[in-house]
Amino acid sequence: MPGGSSARPTLGVIVPCPSDPAASSVCELCYPEGLQHRSWNSSVTRSLRQLAEPVSAAHKAQRGCARLVANQEELRSTATWPRRQEVPAMPHIDNDVKLDFKDVLLRPKRSTLKSRSEVDLTRSFSFRNSKQMYTGIPIIAANMDTVGTFEIAKVLCKFSLFTAVHKHYSLEQWKEFASQNPDCLEHLAASSGTSSADFEQLGQILDAIPQAGNVVTGEMVEELILSGADIIKVGIGPGSVCTTRKKTGVGYPQLSAVMECADAAHGLKGHIISDGGCNCPGDVAKAFGAGADFVMLGGMLAGHSESGGELIERDGKKYKLFYGMSSEMAMKKYAGGVAEYRASEGKTVEMPFKGDVEHTIRDILGGIRSTCTYVGAAKLKELSRRTTFIRVTQQVNPIFSDKS
C-alpha cells in the first residue's frame, strides 16, 4: 500500500438511501468524518468530496440513513491511503466557574412567614424505577462505620431522618436490629460495595428484611437512572476526611456538582443525594437550595455518643476517632491493610466529643427552617425555587473565630 499502511480507514456500512436508492455518493450528513479526517491525504479528500456532490436534496432531508457509502470499490481503487498520523490529545481546561459552598451565600427575599415553626421540612418522593414512595426529612447519615450506625439510626428516625447504614454489619446484626426497632426500617438504607461478596450479603439482608432500601453511587447521572437507579449520590472528594482530591487531583466543587447533576436527574424524574462538603447547617441549606433532593452528612454527625469510633480521653478532654472509609485505618480494619495497587484516600482525625447527636440534629433542622424563613419558602420543596446564590469572598466575620 502507498504510504506503508496495511489497513484502510473503515468507511461505514453500505445501505440503500430511503429517499434515493440509486444515489451513488458519500452521505455528507451521516458520514461527515469521511470528509474531514485529518490524516487522509488530499487525493482521498478530493475523491470523497467528488462522490458527495450528487447527494440529492431528498437524501439530505432524510437523516435516518446510516453512513451510506456507495461506489466503495471505485473509491478504494483511486485513493491512496497514507499511514494514519496519531495526533496527541491535548489537555482541556474548562473555564466555566465552578463553585463550592464556601463561595456563595443565599440571598434573602421577601417572606410572609411569621415564624420558623411554620416551615415544613418533610418531603415526599415517588421514585421513577422502583415505584416506591418515601416521606421524611431528606437528610441522610453517611454510610461510614463511624456515622451510619444502628445507634445513630435509632435517634435520627425519631426526627424522620434517614440513615445509610454502613456495610460492615452482619446479617445477624441486621436481623436483631430489625426485630427490636421495626419502626426505624422505613428510614434506613442498606449499603453495598462493588464486589460479588458485598452484593451477595446485600441480597441476603434485603431477603431477610425487605423493608430496607439501598443507595446507588455513580458519576454519570443520566446513564445510571436509565439503567434502573432511583437516587444518585453526587460528590467526589468534598468530605472532611476524604483525601481523594489531594491524592488523585480528581474532584468537582460540590455546589456546582449538585446544581448540574440535579438538573440532569430531574429531567429524567430521578433524584440525587449531595454527599459531602457540609460543615455547618448553612451548607446543608445551600445543598437543598442548589437542587439536592437528599443531603448526606458525615463529619457533622461524627463524634457523638451514638457514633462509631474509639473514645479517647486526653488531658481531661474526650475525643472520638473519625476516619474516611478509604483511609488506611478503615482498610486495615476490614481488609487487613492498604492493597499494594492503591493509595489511602482518607484520613483519621480525633474529633472533640460532642455528646448526644440529638442536639446536633435540632441545630441542623433549626438552621434549615431559618433559611426557609429568610427566603420565603414555607416548605423545603420550595427552597430551590426561592434560591438565588450570590458570590462572596467571605462567609462570616472572623474577628472572634475559634482560633482567636
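**Notes on selected residues**

1. Gly282 is placed in helix α11, which covers residues 281-289; helices (H or I, at least four residues) and strands (E, at least two) are DSSP runs, numbered from the N terminus. With a relative accessible area of 32%, Gly282 is partly exposed. Here buried means under 20% relative accessible area, exposed over 50%, and partly exposed in between (1.4 Å probe, protein chains only).

2. The model is predicted: local features need pLDDT of at least 70, side-chain atom pairs count only at pLDDT 80 or more, and totals for chains, interfaces and linings use all residues. Residues are numbered from 1 along each chain as its sequence is written, and side-chain values use heavy atoms, with hydrogens and water left out.

3. Gly267 belongs to helix α10 and is exposed, at 61% relative accessible area.

4. Lys269 sits in the loop that links α10 (254-267) to β10 (271-275). Although Lys269 is not a glycine, its phi is positive, at about 60°. Lys269 is exposed, with 64% relative accessibility.

5. Ser160 likewise is not a glycine and has a positive phi, of about 65°. Most residues other than glycine have a negative phi. Ser160 lies in the loop between α5 (150-156) and β5 (162-165), and is partly exposed at 28% relative accessible area.
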